[in-house]
Amino acid sequence: MPGDADPLLDVRDLRTWFFTDAGVVRAVDGVSFTLSRGETLGIVGESGSGKSVAAKSIMNLLEEPARIVAGSIRFRGREITALPEEELRDIRGAEIAMVFQDPMTSLNPVLRISRQLVETMTAHRRFTAPAARTRAASLLGRMGIAAPERVLDAWPHQFSGGMRQRVMLAMGFANEPSLILADEPTTALDVTIQAQILDLLRALNADLGTAVILISHDLGVIATICSRVLVMYAGEVVEEGRPQDLLSDPRHPYTWALLHAAPRLDEAVAGDRRLATIEGQPPDARAWPEGCRFRARCPFAIEACARHPALLAVDAGRLARCWVTQAGARLASPQPRAATAAARPAAAPSPLLHVQGLVKHYELPRENFLEPRRVLRAVEGVDIDVFAGETVGLVGESGSGKSTLARLVMRLEEPTAGRIVFDGQDISHATQAAIRPLRRRIQMIFQDPYASLNPRMTVGEILAGPLRLHALADTAAEARTRVGALLDLVGLPPAAAARFPHEFSGGQRQRISIARALAVEPDFVVGDEPISALDVNIQAQIINLMIGLQERLRLTYLFIAHDLAVVRHISDRIVVLYLGRVMETAKSAELFRRPLHPYTASLISAVPTLDAARARSRIVLAGEIPSAIDPPSGCPFRTRCPAAAPRCAAEMPPLAELAPGHRVACHFPGSVAAADRDRSRRSEVSA
Amino acid sequence: MLRYITSRLLVAAAMVLLATLIVFLIANTVPGDPVLTQLGDVAANNPAIVEAYRHKWGLDLPIWDRYWIFLRGLAHGDLGLSISSQRPVIDDIAQYAPATVELSTVAFLLSLIFGLPLGVLAAMKRDSWIDHLARAVSLIGVSSPTFWLAFIMLAVFYGWLGWAPGPGQIGADQFPPPDVTGFMLIDAPLAGQWDTFWDAIAHLALPAIVLAASTMGLITRTTRAAMLEALSQDYIRVARAKGLLRRAIMLGHALPNALLPVITLGGLAYAQLLTGTVLTETIFSWPGLGRYTFQSAVFLDFPAIMGVTLVVAVVYVFVNLLVDVSYAMLDPRVMRR
Ligand SMILES: Nc1ncnc2c1ncn2[C@@H]1O[C@H](COP(=O)(O)OP(=O)(O)OP(=O)(O)O)[C@@H](O)[C@H]1O
Ligand code: SF4
Ligand code: SF4
Ligand SMILES: [Mg+2]
């Protein structure tokens, strides 16, 4: 029997490769770490760095053509890589459990929740079926699901994403494993639900002593839970240490780059808004470069980097795989660039886009003819003004009506009521023919660049299409010149014109769709989560691109995103939506310094943070956004509001201007204060 | 669930009504004058006889009146008199339908019993010999023309090897059992005629196999594809991470999902089997609806054609209803849409 001093998990030089037809993909290629009982370990790294493959290797859950080609994984003294399938099965789900990223697809849609929970327990013969059922209900209750006995026999589709992830956690903890692997468990969820799930995970770790490996691309998420973090790049661990150390003083240039590429809520946005980015892309997993795998992108590279560095101690409790920091050097923060002289032009007196009392109701199909029709109130009386040259950010949980609003503004849909005026012209109910001349001036960028680019057309054809349509290029030669200029504008080489969308990375595809939007020289661009699917560094590149283009072309943006730090970073003004209504709107800095609406305060407070004091006084919003089919009476937020009073159920609060440009729809504005309000005041004073 | 079934039933009823209208309209607008076909040249040249004939069969009334009469008759199970057999069409159908239902049902069950497991096994053991076998079998089944297969089977198993009896529903040495349900395979044991029963089964084998071939190919192929699709889903990975047995993952998690497309296809295939037996019945001298339809068409026997077409329509609507309901029982998402 292994003693308690032995680590729970000891991974040594793990190498998991995929033997594909196109070559050997060395997805995990040199990962070592140990984990003690009850410890919490985070793994960060960009997409494709090998995080998920490493996690699957630990349970040996790999499928063809993946194989562990070298290294050892010792779990409680047993060598996982050498175990036969039957013994692995005894470990899976019983001693090591896994929670996956997408709760919407992780539950079997045709089996009841109860069955899926019970089989987890009965498969390991620890419980009889009736005992497992009783335990399933108590587990669901522990995971924060109300009335667990009642929902036990529900079907997965009757649960929201957050509830499904709670079910997945219940499954994970069902057999009291000693290790739980959570692979991006909150990435698909709203920030408010993410905060709930992370809180739960932390409490479970504390109460049950289950060790946790949490995989995320967001250092903030990891810092809220984990006491140690691994940074992965190109299949290997490049840095290891405590999260706060990594955040304040990164010892690997890749960690350094990750840190500075992500906008943070606690940074000051002043002068130039461009973020620090690193050029290039991660190397091809089929042929890692000789020497340091980060060398081609590393701003600190020296000659020694031509040899492959080892992961060595650089400080007490800290390891890094970098010649420069191993020699004792520190990585200096990038100097913020001075504000560009050409500051933003003063906003024009009349808005470019004027939206007033906008309403969009969807008639849902009847469940069958015996039922009355139901109405989904997606947008319920929204007023927004956007002035030329500014960026307005739109935030709110999923289901708050952000995308519907964007589609209405684009007039991809017709409003049920209200007015949309673009540059003096009322387009609320204009025919498509009447809007066509305006189409050129209003363009949209979507979240998924791949789905919105025709896979059978070359990039050149994709970009030339709108030019032809709007008669901006008469001859083929002229169109070619324009396409070349457009590609240059978004930072792609001219040769890109001859290639197809699938030949590009996610970030490059988003550049292409931005180029397509810009082809027709719009002055108003609506971005519906344009960077949400991208890695931090590429996000930063796209943000920089959008900021640069705004300055050069005097663009006006309506920008939708669920990442508050990003929205704060890029927007001049922010509109907070909830159940199709505006809850609060203010200048970006003002809104984050002094959120007056309880919803805004809770949203801001839900953002994962490294600040321990703020984390402690966080307001975790209970429950989930109600259905827009049956919204609450009075204030729509009252069912979750910590400050709700009887008056809130009776009266809908009007959107009142409490300070110049700061409007709030709440009977008791300012009653819920985020902890960071005081802190930012303090920093204001010291600044 | 009850609500769902009720609403599906209402839809089904509406479909049947629509079918009666379409059937009626088509039958009354096809070219070719039944009077000519039925009366022969001499009588057809005599206006009085023609007039009397048209009056007798209601052919002189306005078309909507005729539809109304037709509908009223339908309500009483009256499909009219067959022009060629001079018997009520409903009696004709009642006489011929059981043989067809028997044949198609056996063929359908055969294709399910072999096709489903074969498809599941092929997906479970992808690229193994059983997968290759399944793909070969389904390719041959789907791509062999029925008449060709029928002749080959008859030639080999009846003509050459002599393992199977010849065409017909029972041999000439057997007496048909007293008609209780109309189904040979039920009536024979009821009457204690076990010899007749076994003889009927032997006669059924070849045509059923011929009919089953392409359906089984389709079912194998669809099951295999649906299983592979289900196996690539996230919830299968989750099931593996729970430490479930492979069998539990395959049969407990993947199969219920894979059955959904198979049900849709199976329903369609069964309806096609029930209504698409003309060739097989003709080749195997099977006394079923297929042959009856063929003869009625040749004689432009309108009431018979209408009756048979209506039966076909009702069969389709009914099978669809069955598919919808069983789909809803397997897939909980259906009713919430
Ligand atoms: N089935 C597969 N066949 C071939 N290569 C694969 C397969 N699955 C993953 N890979 C490769 O393995 C590498 C690591 O993938 P992995 O999923 O572990 O990345 P990740 O760090 O989890 O990224 P993400 O943040 O996108 O989840 C990538 O280069 C990927 O292309
Ligand atoms: S070893 Fe060299 S190239 Fe690699 S991260 Fe360190 S400084 Fe950069
Ligand atoms: S009106 Fe009432 S319920 Fe609504 S946000 Fe304000 S305090 Fe909360
Ligand atoms: Mg992953």
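Me: What makes strands β13 and β16 of chain A partners?
Reply: Strands are DSSP runs of E with at least two residues, numbered from the N terminus. Two strands pair if DSSP finds at least two bridges between them. Five bridges join β13 (residues 353–364) to β16 (residues 417–422) in chain A, so they pair. The two run antiparallel. In one bridge, A:His354 has A:Val421 of β16(A) as its partner.

Me: What kind of model is this, and how is it numbered?
Reply: It is a predicted model: local features need pLDDT of at least 70, side-chain atom pairs count only at pLDDT 80 or more, and totals for chains, interfaces and linings use all residues. Residues are numbered from 1 along each chain as written, chains are lettered from A and ligands numbered from 1 in the order written, and side-chain values use heavy atoms, without hydrogens and water.

Me: Why are β14 and β17 of chain A called edges?
Reply: The open sheet has the order β14-β13-β16-β17 (chain A), with antiparallel pairing. β14 (374–386) and β17 (425–426) each have a single partner strand, so one side of each lacks a neighbour in the sheet.

Me: How do you know that helix α13 of chain A packs on the sheet?
Reply: Contact means heavy atoms within 4.5 Å. Helix α13 (residues 402–409) touches β13, β14 and β16 of chain A.

Me: What is the secondary structure of chain B?
Reply: Helices are DSSP runs of H or I with at least four residues. Chain B has 14 helices and zero strands.

Note on methods
Axes are lines fitted to C-alpha atoms, for helices over the stretch in contact, and angles run from 0 to 180 degrees between N-to-C directions.
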